[in-house]
Amino acid sequence: MTGQSSGVVLHFRDIGINDRPTVGGKGASLGELTQAGIRVPPGYVVSTRAFERFLAGIDPQGSIRHAIEGLAADDLLAISRVTQGIRERIAAASMPTDLRDAIMAGYAALCADEGDFPLAIRSSATSEDGSEASFAGLQDTYLWIRGGDGVLHAVRDCWASLYSSESVSYRLRLKLPEEGLAMGVVVQRMVNSRCSGVMFTRSPLTGDRSIIAMEGSWGLGSAIVSGEVTPDKYVVNKVTGDIMKRTVSHKTVMHVPDLAAGGVREEPVPAERRDVACLSDEEIVELARVGKTIEGHYRCPQDIEWAFAPDGSGRESLYLLQSRPETIWANKDANPAATPKARAFDHVFTVLGRRGKT
Amino acid sequence: MTAPAKSNAFPLPSEIGDVPGTEGWQNMYPYFTRFRPEDDKVFWFYNAMHFPEPMPAFDVVTAEIPYQGLGAFTTRVFSFPTTLGVDHRIVNGRIYITAYPVTDPAEIGRRLGLFQERAGFYYQNWDRLYAEWKERMLALIKEVEDIRVPPLPEFDDIEVVTSGRGIGQNHYVREAYHRCIEAFSKMWHYHFEFLMLGYGAYLVFFQFCKKAFPEITDQTVARMVAGIDVFMFRPDEELKKLARLAVELGIDGKFGDDVDPADTMLALGQMGDAGRKWLDQMEKSRHPWFLMSTGDGFYHHHRSWNDDLSVPFSAIARYIGMLKKGQSIERPTEKLKVERKHIISEYRGLLSTDEERGAFDQMLGLCHLVFPFVEDHKFYCEHWFTTIWFNKLREFGALLARWGVIADAEDFFHLHHTEADLTLQEVSLAWATGSVPAGRGHWKPILKERKRIWEKLKEWSPPPALGPIPDDIADPALQMLWGITSETLAEWARTPDAASEHELHGFAASPGVVEGVARVLKSANDIGLMKDGEILVCPVTNPSWGPVFGKIRATVSDIGGTMSHAAIVAREYGMPAVVGTGTATKRIKTGQRLRVDGDNGVVTILD
């Protein structure tokens with residue numbers, strides 16, 4: 001990649017958290033994890049530069065920006081009409097050759113490493129204040145995409161999703177500037193999870209920082225996130241690595257890839273697997289170790305999505321799908337458990353000097 | 001613990017009837033140990049940890065005297081602010097206990113003033129006072145060893161005349177017996193002199209850890225507190241030393257599972273230098289390290305290794321076997337120390353502020369100050385002193401048997417200690433008068449009946465608690481020693497459901513889940529029966545059981561908390577353990593398949 005297309009496509013291993021402005025939050029996080037030695041489904045990011053070049057190509061005068069800036073946040077009808085027009089312009093425009101070549105080269109390299117697997121194409125929004133989480137769900141994600149043309153198409157659809165009526169009315173409502181608006185697009189191998197779930201590196205129940213709590217179930221993680229299955233629960237001591245609790249649930253349904261529809265569909269869990277723990281002790285320990293590594297890397301408790309799935313060679317591996325700082329307990333002010341006293345044994349007088357629990 | 005009645009989950013003391021066929025069991029025990037009508041208002045719990053079996057009449061001295069010692073220090077010496085002493089009652093041979101609380105805030109404040117001065121003095125001078133304590137304990141042990149029980153021969157010794165002693169030897173029967181009882185009382189005072197202060201330090205740290213890390217398990221806190229170079233492991237280390245020496249000297253062929261220790265010793269004595277060298281080491285090791293009770297020092301029939309050498313010898317044989325196969329028998333103490341350091345520094349690192357870390361350092365430091373006593377006192381008191389003491393009492397039993405008052409020396413332990421005193425006085429009188437003691441006609445049928453009742457009482461399953469559940473259990477002794485908290489009570493009071501027929505609940509003492517075949521062993525003497533890969537189900541473990549831990553998959557015990565021997569050893573061996581189940585040895589049969597869940601403290605009978 002040389003000339004104008006340089007920096008248009010970036011492999012995860014070449015991305016760090018500080019690249020957020022050019023690759024978006026999701027892309028930066030996946031790159032950061034990869035650089036930290038954590039296995040994420042491999043992929044690359046089509047950077048904001050690609051979007052900017054594409055936009056400059058179809059709209060050198062900035063008419064799109066002006067059209068949106070002229071809209072009122074509460075005029076939903078106008079928003080709907082204007083954004084539809086913009087999306088049609090994006091869909092009809094041709095992709096500049098160098099962009100096309102760069103994206104296809106990234107795709108070819110991924111296939112060379114991993115084989116021709118289905119891919120996920122995800123919007124990776126950027127924002128000045130780093131609150132891209134608030135954009136979550138407003139831009140599109142395309143799953144189980146195959147082939148180079150499919151990738152090109154999905155990347156363009158992601159860009160177009162910046163101009164969905166929901167996205168635009170959200171920006172208008174929050175008075176977010178259209179100037180400098182950009183988006184990265186993550187192109188990433190899909191993993192066909194045998195089991196998947198979430199992990200908190202502190203207790204979601206008590207905030208205990210010495211605990212790692214996991215939830216897992218058969219198939220893709222969407223079944224847990226959407227609450228359609230009661231997952232198995234595991235609690236691990238972060239310090240000793242001991243598994244403190246295993247709660248095996250009755251897991252009736254699972255999500256599996258729906259390649260035809262490009263999404264997921266629900267399937268009953270085979271009877272013989274319903275009451276079987278989805279994670280072995282070894283897997284729990286491995287997961288906890290990775291959770292601890294990520295927490296250590298970011299220096300704060302994390303909320304993590306994970307999966308056990310076959311890698312490019314068909315061997316099963318642990319994949320981290322996403323990691324973000326835990327926010328619920330982090331925002332609570334905790335009283336210190338105790339403060340030092342004049343003499344160590346003065347603590348005894350405090351505890352034994354009154355009835356009841358301290 | 002007096003409390004308004006909240007629930008009728010436990011029967012009232014007055015509702016407990018006699019076990020059929022044991023009527024009159026009350027006569028074995030002192031009048032003051034019987035439940036009284038007003039006791040129905042008080043919460044009592046069964047002290048299964050120390051008294052898992054019905055009490056022989058003599059052995060109730062191991063409740064009466066310890067509780068005199070405990071209460072002296074909590075109520076009167078140190079003036080613990082919120083608690084007086086622990087009281088006990090006996091029903092159907094079982095010991096139920098309660099602690100009397102102090103609830104009036106003004107009174108708590110008054111007691112706290114005294115407590116700060118008195119307990120503060122001990123904490124401040126802990127190391128010096130503990131060093132003196134060891135001297136006092138060793139002197140007391142020597143004193144008991146030196147007590148001479150007069151044989152009461154036909155004629156007194158000539159020295160009574162030639163030395164002008166002026167006292168006939170029957171006097172010394174009384175004196176020797178009283179000195180025994182007095183030494184036992186002193187031992188228990190020494191026992192509690194430091195113990196409750198030690199537990200206080202533990203409790204402070206436990207509470208801090210629970211507050212800072214709400215889901216931390218007791219076992220993890222225990223791992224930060226527990227010592228590694230402690231007496232508890234020493235007897236087992238001596239066995240390993242003897243096994244290594246036997247291999248080194250090439251005399252290991254003399255050891256095996258079916259070999260009589262006396263024959264082995266005799267054979268070694270005739271083997272020249274190698275045999276003698278081993279026997280010399282054996283003499284060094286067994287005093288005092290084989291003075292391990294095979295129980296917990298609360299029953300006369302829990303003998304020491306020295307009383308039954310087949311226990312240590314079969315363990316030595318097993319260690320020799322492992323050495324021959326090239327297996328390691330070393331305890332990885334360095335690794336354990338590194339692990340402990342790691343756990344402490346990781347938890348410390350997870351605290352939020354330097355202030356919290358400062359408090360953590362103080363509290364853990366205090367635990368490390370007190371732990372040598374808390375860990376090692378048990379060997380001095382319950383094992384070393386007590387096994388010697390019971391053997392001294394056997395000499396009085398032998399005297400009574402020789403006088404035909406009791407059929408067998410062991411029957412002595414079916415007399416209450418005051419009855420034994422009285423009977424010894426009568427024999428001393430009969431020796432003096434030249435007559436036949438009336439005890440001959442008196443005791444034999446009574447003791448025969450007591451032994452029958454005692455056997456029958458073993459069939460009873462005592463309720464874990466009696467009386468109304470108190471609102472809160474604020475007594476640190478109960479929390480630390482017996483693991484009794486409001487949560488434990490709720491667990492005990494749970495209505496049994498269908499699953500509980502196949503499930504036993506106890507303390508999750510060491511993590512992991514395994515399935516395997518049960519081997520129920522009532523005594524450490526039977527450890528030879530244990531096969532590789534079985535699950536050990538036993539009443540209680542102490543260092544006597546050490547040799548067995550290398551070959552089992554999991555441990556389940558009737559008695560014990562997270563700081564108990566079984567828990568500590570199981571954690572070191574990395575095997576699941578559930579302790580304090582109360583009834584495992586009764587409900588589980590050898591050969592049944594079990595699932596032991598050391599994470600949740602549940603044992604499931606799978607067959």
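Two residues are in contact here if their C-beta atoms, placed from the backbone, lie within 7 Å. With that in hand, I can start on the two chains. What you see above is a predicted model.

First, confidence. Chain A averages a pLDDT of 88, and 94% of its residues score at least 70. Over residues 128–134 of chain A, though, the pLDDT is below 50, and beyond near neighbours in sequence this stretch has 5 contacts in the model. Where pLDDT is low, the predicted coordinates should not be read in detail.

Next, the interface. How many residues of chain A are in contact with chain B? There are 33 of them, and they meet 44 residues of chain B. On the chain A side, strand E9 (243–247) and helix H10 (346–352) are the elements that give two or more residues. H10(A) gives the most, with 5 residues. By type, the chain A side divides into 15 nonpolar, 10 polar and 8 charged residues.

The largest nonpolar core has 175 residues, and the members touching the most others are Phe205(B), Phe208(B), Ile316(B) and Met363(B). Helix H5 of chain B, residues 169–212, supplies the largest share of this core, 21 residues. Take Met363(B) as a case. Leaving aside neighbours within four places in sequence, Met363(B) is in contact with Val204(B), Phe205(B) and Phe208(B), and also with Ala344(A) and His347(A) from the other chain. There is a second, separate core of 80 residues, which includes Leu33(A), Ile64(A), Ile79(A) and Val151(A).

Staying with H5 of chain B for a moment: Phe206(B) is found in that helix. Is Phe206(B) buried or exposed? The cut-off for buried is 20 or more other C-beta atoms within 10 Å. Phe206(B) has 24 C-beta neighbours inside 10 Å, so this residue counts as buried. Its C-alpha atom is separated by 9.6 Å from that of Thr217(B), 11 residues apart along the chain.

Now helix H14 of chain B, residues 439–457. At 1.5 Å a residue, its 19 residues should span 27 Å, and the end C-alpha atoms are 26 Å apart, which agrees. The buried residues in H14(B) are Gly439(B), Trp443(B), Leu447(B), Arg450(B), Ile453(B), Trp454(B) and Leu457(B). Why do they fall on the same side of the helix? They cover an arc of only 125° around the axis, so they share one side of H14(B). An α-helix has 3.6 residues a turn, so residues three or four places apart point the same way. The cover over these buried residues includes helix H13 (417–433) of chain B. On the face turned away from the buried side, H14(B) carries the exposed residues Gly441(B), Pro445(B), Arg452(B) and Glu455(B).

Last, some backbone details. Most residues other than glycine have a negative phi, and most peptide bonds are trans. Against that, a cis peptide bond joins His287(B) and Pro288(B), with omega about 5°. Pro288(B) has its place in helix H9 of chain B, residues 273–289.

In chain A, Lys175(A) has a positive phi, near 55°. Lys175(A) lies in the loop between helix H7 (165–173) and strand E5 (183–189), and with 7 C-beta neighbours inside 10 Å it counts as exposed. Arg299(A) has a phi near 60°, also positive. Its loop runs between helix H9 (281–298) and strand E12 (302–310) of chain A. Arg299(A) counts as exposed because it has 7 C-beta neighbours inside 10 Å.

Conventions
Residues are numbered from 1 along each chain as its sequence is written. Chains are lettered from A and ligands numbered from 1 in the order in which they are written. This is a predicted model: local features need pLDDT of at least 70, side-chain atom pairs count only at pLDDT 80 or more; totals for chains, interfaces and linings use all residues. pLDDT is the predictor's confidence in each residue, from 0 to 100. Helices (H or I, at least four residues) and strands (E, at least two) are DSSP runs, numbered from the N terminus. Ala, Val, Leu, Ile, Met, Phe, Trp, Tyr, Cys and Pro count as nonpolar, Asp, Glu, Lys and Arg as charged, and the others, Gly among them, as polar. A nonpolar core is a set of buried Ala, Val, Leu, Ile, Met, Phe, Trp, Tyr and Cys residues joined through C-beta atoms within 7 Å. A residue is buried if 20 or more other C-beta atoms lie within 10 Å of its own, exposed if 12 or fewer, and partly exposed in between; C-beta atoms are placed from the backbone. The expected span of a helix is 1.5 Å times one less than its number of residues. The arc is that of the directions from the helix axis to the C-beta atoms.
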